[in-house]
Structures are given as structure tokens and as C-alpha cells.
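Welcome! Take a moment to look over the sequence and the 3D view, and then let us walk through a few helices together.

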Amino acid sequence: MPIMNWDASLDVGVESMNDDHKQILDLMNAIHDRAATGETGASMIALVDALARVTIEHFRDEEAYMASVNFAGLASHKLIHADLLKTFSDHAGTIRANGGEVPSGFLMFLKLWLTAHIKGIDMKYAPTMPLKMAG
């Protein structure tokens, strides 16, 4: 059972950002589903590392996109991204130290992160879009 499903409430109006968010959600769901079966080890660490890479790339691309449309909230958005990456990094370090065991706190962080960040923070740049932009 996935931690969260993509739906229209997560659509920020920018296809490339939506595609990134879907990829992040897919990785979160894979981590959640495998953790639910008790999976640990190198394969779980690899999934967490993949999520980190995708997220870092997404934040970089999202910040570049916001700069290209002169989004007024870019500076605060960068700070939020940095804070999320720090928290993620702390969780990932714990997962690595514990041999790929994923604690429930990490799964709760992932769900809150995706829901709050997209629906609360990313939606702030959605109104600046004149039309749906293709990635």
C-alpha cells in the first residue's frame, strides 16, 4: 500500500515539476512498501540514496525555474529546501548506520514533506504561471 498517491491536488501547473514530484513520490512509495515487508540492507540504502539524488536535482531545477519566472519567494524557498535536505540527510545517516532499517519516523517525515511542501509551499509559485508549461 503506497504512502501516498498522486492526484490533482498535487498539480503545481508546471509539468516538469509535476514529473519530478511523481518520481519522488514513486521512490517514497517504494521505500514505504519495502519497509512494510521488513526489507533492510543495501537495496533499501540504495533506494534512500536514489531519493536523495532525485530530490537534490529537483530542488536545483525548481529553484532555477522559480528564478526564471522571477518568483518573489525564491530566497525563502531555498531556505526551506536546505532545511528539508538537512533533515533528510540526518534520517538517511541513521538508516545507513542501522543497515538499511527504515524507522517509522522517516516514513512520517516523507509523507509530511511531500504533502506540506507541494500543497503548501510549491503551490505558491503555481499562480505565477500564465499557462501550463511543458517540461
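What covers the buried residues of helix 3? The cover includes helix 2 (42-68) and helix 4. Here helices are DSSP runs of H or I with at least four residues, numbered from the N terminus, and buried means under 20% relative accessible area, with exposed over 50% and partly exposed in between (1.4 Å probe, protein chains only).

A word on the background: this is a predicted model, in which local features need pLDDT of at least 70 and side-chain atom pairs count only at pLDDT 80 or more, while totals for chains, interfaces and linings use all residues. Residues are numbered from 1 along each chain as its sequence is written, and side-chain values use heavy atoms, leaving out hydrogens and water.

**Helix 3 itself.** The buried residues of helix 3 are Leu74, His77, His81, Leu84, Phe88, Ala92 and Ile95. An α-helix has 3.6 residues a turn, so residues three or four places apart point the same way.

The table sets out angles between N-to-C directions, running from 0 to 180 degrees, for axes fitted to C-alpha atoms over the stretch in contact.

| Pair | Angle | Axis distance |
|---|---|---|
| Helix 3 (74-97) and helix 4 (104-121) | about 165° | 11 Å |
| Helix 2 and helix 4 | about 20° | 15 Å |

Helix 2 is therefore roughly parallel to helix 4, as angles under 35 degrees count as roughly parallel and those over 145 as roughly antiparallel. In this pair, Val48, Leu51, Thr55, Phe59 and Glu62 of helix 2 touch Phe106, Leu110, Trp113 and His117 of helix 4, where contact means heavy atoms within 4.5 Å.

On the helix 3 side, residues including His77, Leu84 and Phe88 meet a set in helix 4 that includes Phe109 and Trp113.

**The loops.** Asparagine 70 sits in the loop between helix 2 and helix 3. Its phi is near 55°, a positive value in a residue other than glycine, and asparagine 70 is exposed, with a relative accessible area of 68%.

Glutamate 101 lies in the loop between helix 3 and helix 4. Its C-alpha atom is 7.0 Å from that of glycine 41, although the two are 60 residues apart along the chain. Beyond its neighbours within four places in sequence, glutamate 101 contacts Thr40 and Ile95.

Methods
Helices (H or I, at least four residues) and strands (E, at least two) are DSSP runs, numbered from the N terminus. Angles under 35 degrees count as roughly parallel, over 145 as roughly antiparallel, 65 to 115 as roughly perpendicular and the rest as oblique.
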